[in-house]
Amino acid sequence: MGRFDGLLPRLNWLGVFVMVALAAMWELVVSFEVAALRFLPAPSEIARAAHGEIFEGELVGRTIHTVGVTLLGWGVAAVVGLALGLALGLSPKAYQYSMTSFEVTRAIPPITLVPAALLIFGFSLKMELVLVIFGGVWPILVNTIGGIRSIKPELRDVATMLRLSRIGTVRKLVLPAALPSIVVGLRLALSLCLVLAIVAEIVGNPAGLGNGLISARQSLQPPIMFVYVVAAGLLGVALNAALGLGVRLLLPGGHTLRESP
Amino acid sequence: MEPSYECSNLRAEVGSRHGERRLVLDDVSFTVAKPEFVSIMGRSGVGKSTLLRVLAGLHEPSPGSIVRFDGQQVVGPPEGVSLVFQDYTSSLLPWRNVAKNVELPLEGSLGKTERRQRVFEALEMVGLADRADAQPFELSGGMQQRVQLARALASRPTVLLMDEPFGALDALTKAELEDQLLGIFAATKTTVVFVTHDIDEAVYLSDRVLVLDGSPARIAADIRVDCLRPRTQLRTRESAEFLAARHQVYEVIFGTL
């Protein structure tokens, strides 16, 4: 019960009000034709198109696809990133051998790999998943390694003095100490995975929100296109909020590391 | 009295990441009996912490060094030895509360009820039994150091190694903790090896003061402190025995004045 306290009051009511006011201004600008924005529809048109897409179109199905791919890809990236990050973070030798290769590979923007992915996997779900996983691994890997390597040496001495086993040291000292950094990596990866999923859907896999965007463009339906833009934005917010909630519930203290004054 | 620690011909090097090794301790020889309160005193950087880390089994001395605990050569942390670090912020676990921090050395070797009992006893000894549920960041520096002390005491060690434990604290808190430590020493008869750069503190607390001096360092003097126990901040520090011992330590460090 206590963990849900303060969720509602924490909603930024002032910020929400400003957002609503901006939307209202947008509506007025378009309906009074203050500016000729043929391809920028009014919020009311977008709302009407949204209604249509939800009940007669494929918004729900496409959203489910994008969410599914994002979460699946992110999950795989998390497992791989955490496992590899743990191994490299704990072993200075392994770190030394592999970091140059990793630094070079992770500098490659995932988007530049889209054509290659298309060639290898074709227009398929596989292509989308591979892109999402490849992009999502890096923030998690880097942050896990960073979190582990920044653990103060005194803590390692504590583990030695208490004669903790290797597993005991990792479970009781290393993971909790690295946790804030790891959570940051997971958050970054989640946003990145969503973006890559949509990119892959626009370019490669005809499904999901990305595909909705393309369809709307091809049929010259700006209101519907913006429905998908808004949907993608809301999805991003929802995923982040869900992750934040998950961290708060499962890992108390995982989102902050309160240092002593 | 049987010896707990015996060191002879102890040499230790400290190395940087680039491979340069510097000889910090050379031909250090001394014994610590049980139960004795011995201070290792010296300037900052002379090698006191290195010496303590060798005793703790955290630092490997150069070949040929003899470091024995209870008759056995020290290879890694010896059984029954606890270490209290100077930097309590970095050695307490911020994600655990006070009780769980103190419990750490007991996990895996004791059952739940016995652990709880020991934790309570240890916290009582340092006067923090009522803060068992607090998080470390909620406590003052002196209190956090007492939590670390409680954690070291929870495993009922035979020897307590302390690396400038009160160095980061203000003078008044330091005085309180010194007396608290003396009380614990008297009650538990644990041998204490106490590293400090504070001459007055070393003399006030100890039975013997080992002065580490030189580069590389060696034991420059082994000074007996004849003050009676129990010691008090006021009376002991004004006594002739205290001043005599203090004088001797000053002369070793600064030369005859």
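Lys and Arg count as positive and Asp and Glu as negative, with His and the chain ends not counted; the place of a charge is taken as NZ of Lys, CZ of Arg, CG of Asp or CD of Glu. The model is predicted, so local features need pLDDT of at least 70 and side-chain atom pairs pLDDT 80 or more, while totals for chains, interfaces and linings use all residues. Residues are numbered from 1 along each chain as its sequence is written, chains are lettered from A and ligands numbered from 1 in the order in which they are written, and side-chain values use heavy atoms, leaving out hydrogens and water.

**View 1. Charges and surface of chain B.** Chain B carries 29 positive and 35 negative side chains, and the centres of these two sets lie 3 Å apart. Its accessible surface (Shrake-Rupley method, 1.4 Å probe) comes to about 11600 Å², with 49% belonging to carbon and sulfur atoms.

**View 2. Overall fold of chain B.** Nine helices and 10 strands make up the secondary structure listed for chain B (DSSP runs numbered from the N terminus; helices are H or I of at least four residues, strands E of at least two). The C-alpha atoms fill a box of roughly 50 × 45 × 35 Å along the principal axes. The radius of gyration is 18 Å, which agrees with the value near 18 Å for a compact globule of 257 residues (taken over C-alpha atoms; the rule is 2.2 Å times the number of residues to the power 0.38). Of contacts (heavy atoms within 4.5 Å) between residues at least 6 apart in sequence, 68% join residues at least 24 apart.

**View 3. Strand β8 (residues 191–196) of chain B.** Of the 257 residues of chain B, 53% are buried (under 20% relative accessible area, 1.4 Å probe, protein chains only). In β8(B) six of the six residues are buried, so the strand is largely enclosed by the rest of the structure. B:Thr191, B:Val193 and B:Val195 point one way, and B:Val192, B:Phe194 and B:Thr196 the other.

**View 4. Neighbours of β8(B).** Strand β3 (residues 37–41) pairs with β8(B) in the parallel sense over five bridges (pairing needs at least two DSSP bridges). B:Phe37 has B:Val192 as its bridge partner. Strand β7 (residues 159–163) also pairs parallel with β8(B) over five bridges, and B:Val159 stands opposite B:Thr191.

**View 5. The antiparallel sheet of chain B.** Four strands form an open sheet in the order β2-β1-β4-β5. Strands β2 (21–33) and β5 (72–73) stand at the edges with a single partner strand each, so one side of each has no neighbour in the sheet. Nine bridges join β1 (residues 3–15) to β2(B), with B:Tyr5 partnered by B:Val32.

Notes:
Buried means under 20% relative accessible area, exposed over 50%, partly exposed in between (1.4 Å probe, protein chains only).
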